[in-house]
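Here is a short note to read with the structure open beside you. Take the points one at a time, and find each residue in the viewer as you go.

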Amino acid sequence: MEAIRMQSSTDKFSLPGQLLRLKQACQAHPMPSLDERRTHLLQLKGALLAHQQPLCDALARDYGQRSDYDSLIADILPCVMQINYSLKRLKGWMKPQRRHAGLLLAPARVEVHYQPLGVIGIMVPWNFPVMLSLGPLIGAIAAGNRAMLKLSEFTPHTNAALRALLAEVFDESQVCVIEGDAEVAAAFSTLPFDHLLFTGSTAVGKRVMAAAAPQLTPLTLELGGKSPCLIAPGMPIPLAVERMIFGKSLNAGQICVAPDYVLLPRGREQAFIEAYRNHFARLYPKGLASPDHGAIINPQQYQRLIDWLAEAEQAGAEVHPCASPARDDATRRLAPHLLTEVPAHCQLMQQEIFGPLLPLIPYDDIDEALAYITARPRPLALYLMSLDPALQERVTRETHAGGMAINESLFQVAADDAPFGGVGPSGMGHYHGHEGFLTFSKAKTVLRRGKFSTGALIHPPYRRWYRRLMMTLFLR
């Protein structure tokens with residue numbers, strides 16, 4: 001296919017014209033066939049596999065240090081799995097669904113047809129720029145749509161690798177890639193897409209929603225928030241640490257579903273600190289020098305974490321680094337820092353941390369812990385470390401979160417056959433798998449009748465005896 005003509009940045013004034021071209025292409029070919037969609041997905045998978053090393057190299061350059069394995073397991077593998085899952089089920093997803101017409105509408109045939117929405121806008125964050133661009137794109141293509149991707153200005157090398165990959169699969173009438181700063185992103189969010197998916201912070205998500213409102217653009221917001229990890233009273237601390245530490249270590253904790261704070265029984269704080277330090281040393285034997293330990297994305301994000309850490313310490317918090325040295329300012333590497341006695345007004349307790357800092361909050365009984373969680377904005381993820389089935393059921397029933405994992409962390413996002421999305425301040429809507437196909441489709445009801453119709457029985461004038469009989473029959 002013709003290569004996508006892209007530049008490293010985009011003039012915001014050119015965006016409406018680019019969207020118009022995509023919409024015109026949708027009008028010319030509104031319902032791609034099953035074979036066309038499968039072909040695009042297979043070609044995307046082939047390009048992704050062929051470009052996996054350039055993508056890993058680009059991610060490492062953008063971060064300064066990022067393990068290839070981190071990039072493979074969190075950026076590339078989920079996309080390949082999502083394509084495989086979609087290919088196996090796409091025929092069934094596309095098939096019109098029969099629904100019951102009911103006695104009042106008989107004789108009639110009712111079906112629900114799933115049509116492409118048109119052009120999907122995808123706003124991509126910097127923390128997983130491959131997965132969070134190609135993941136939504138896979139869902140959009142499976143549903144028969146075209147797409148515009150706004151990539152993060154903080155991952156220029158990855159953006160270039162993505163452009164090269166996508167140029168092998170799609171022409172500019174199918175997928176358009178946009179780069180640029182916050183001004184371009186703001187202009188992008190005002191475009192009249194048929195659906196807009198944004199992944200990022202809650203604060204920016206509010207601005208995106210306000211920008212989309214005048215156009216009545218449907219939104220999926222994948223935000224974040226403060227995701228708790230609740231350790232139950234009877235849970236062995238070393239086991240709890242083993243199950244949750246990867247969710248805080250991958251990508252140096254720069255994950256929207258990373259554990260943001262830990263609730264644990266009072267008096268177990270020191271046991272947790274020791275277990276965390278020991279397990280971190282097993283995962284990263286050379287500490288900050290371990291090749292698997294990632295860096296913070298840029299100086300601004302690194303300084304933010306350092307400032308929040310200093311604020312908490314000055315306010316009276318106790319800081320427990322998990323490696324020595326605990327930081328390397330030159331390479332932006334920061335070891336996990338566990339914190340106790342953090343005052344509630346500190347930024348670490350108010351904002352999503354998005355890095356390797358982890359406050360520990362003791363509780364006296366499980367009711368207190370659950371009250372702490374439910375009194376706060378609903379998070380994107382909730383982690384429970386407990387071997388008690390009754391408590392597992394209670395926490396599942398009494399708390400709200402976008403997703404939940406019991407005796408595990410992070411891996412709930414990897415379930416292909418389950419939706420991913422937030423609730424309230426952590427987002428709205430969901431995608432992944434079948435839910436992604438539904439999000440990017442219009443479920444259109446089609447009622448079909450032949451020559452004979454009972455519709456005339458309810459037409460005016462209404463005082464005929466058989467119309468009163470009908471109302472008597474159905475209003476009961």
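1. Let us begin with Ala443. This is a predicted model, and in it Ala443 is partly exposed, with a relative accessible area of 37%. You will find Ala443 in strand 18, which covers residues 441-448. Which residues does Ala443 touch, once those up to four places away in sequence are set aside? They are Val112, His113 and Tyr114. Look at Gln115 as well: 328 residues separate Ala443 and Gln115 in sequence, yet their C-alpha atoms are 6.6 Å apart in space.

2. Now for the chain as a whole. The fold of the protein chain holds 16 helices and 18 strands. Along the principal axes, its C-alpha atoms fill a box of roughly 85 × 60 × 40 Å. How does the radius of gyration of the protein chain fit with a compact globule? For 476 residues, such a globule would have a value near 23 Å, and the chain has 25 Å, so the two agree.

3. As for burial, 53% of the 476 residues count as buried. The accessible surface of the protein chain comes to about 21300 Å², and carbon and sulfur atoms account for 56% of that surface.

4. A word on charge. The protein chain carries 47 positive side chains and 43 negative ones. How far apart do the centres of the two sets lie? The distance is 15 Å.

5. Next, the cysteines. How many disulfides are there? The count is zero, since a disulfide needs two cysteine sulfur atoms within 2.5 Å. For Cys56, the nearest cysteine sulfur is that of Cys79, 12 Å away, and Cys56 is in no disulfide. Cys79 is in no disulfide either, and its nearest cysteine sulfur is that of Cys56, at 12 Å. Are these two residues buried or exposed? Cys56 is buried, with a relative accessible area of 1%. Cys79 is buried as well, at 0%.

6. Some backbone angles deserve a look. Most residues other than glycine have a negative phi, and most peptide bonds are trans. With that in mind, turn to Asn251, where phi is positive, near 55°, in a residue that is not glycine. Asn251 sits in the loop between helix 9 (237-249) and strand 9 (261-265). Asn251 is buried, because its relative accessible area is 2% and the cut-off for buried is under 20%.

7. Phe354 has a relative accessible area of 16%, so it counts as buried under the 20% cut-off.

8. Which kind of peptide bond joins Ser324 to Pro325, cis or trans? That bond is cis, and its omega is near 0°. To find Pro325, look in the loop between strand 10 (318-321) and strand 11 (327-328).

9. Look for Tyr302 in helix 11, residues 299-314. Tyr302 is buried, with a relative accessible area of 5%. Leaving out residues up to four places away in sequence, Tyr302 touches several residues, including Ile296, Arg327, Asp328 and Asp329. Arg332, Arg333 and Leu334 are also among the residues that Tyr302 touches. Gly355 is 53 residues from Tyr302 in sequence, and the C-alpha atoms of the two are 8.7 Å apart.

10. How exposed is His430? His430 is partly exposed, with a relative accessible area of 37%. Neighbours within four places in sequence aside, His430 is in contact with residues that include Thr220, Glu222, Pro419 and Phe420. Gly421, Glu435 and Thr439 are also among the contacts of His430. Finally, compare His430 with Leu197: they are 233 residues apart in sequence, and 9.5 Å apart in space from C-alpha to C-alpha.

Definitions and conventions
Residues numbered from 1 in each chain as written. Predicted model: local features only at pLDDT ≥ 70, side-chain atom pairs only at ≥ 80, totals over all residues. Heavy atoms only, no water. Helix = DSSP H or I, 4+ residues; strand = E, 2+ residues; numbered from the N terminus. Rg over C-alpha atoms; globule rule 2.2 N^0.38 Å. Buried < 20%, exposed > 50% of the residue type's maximum accessible area, 1.4 Å probe, protein only. Areas by Shrake-Rupley, 256 points an atom, 1.4 Å probe, with all protein chains shown as cover. Lys, Arg positive; Asp, Glu negative; His and termini not counted. Charge placed at Lys NZ, Arg CZ, Asp CG, Glu CD. Contact = heavy atoms within 4.5 Å.
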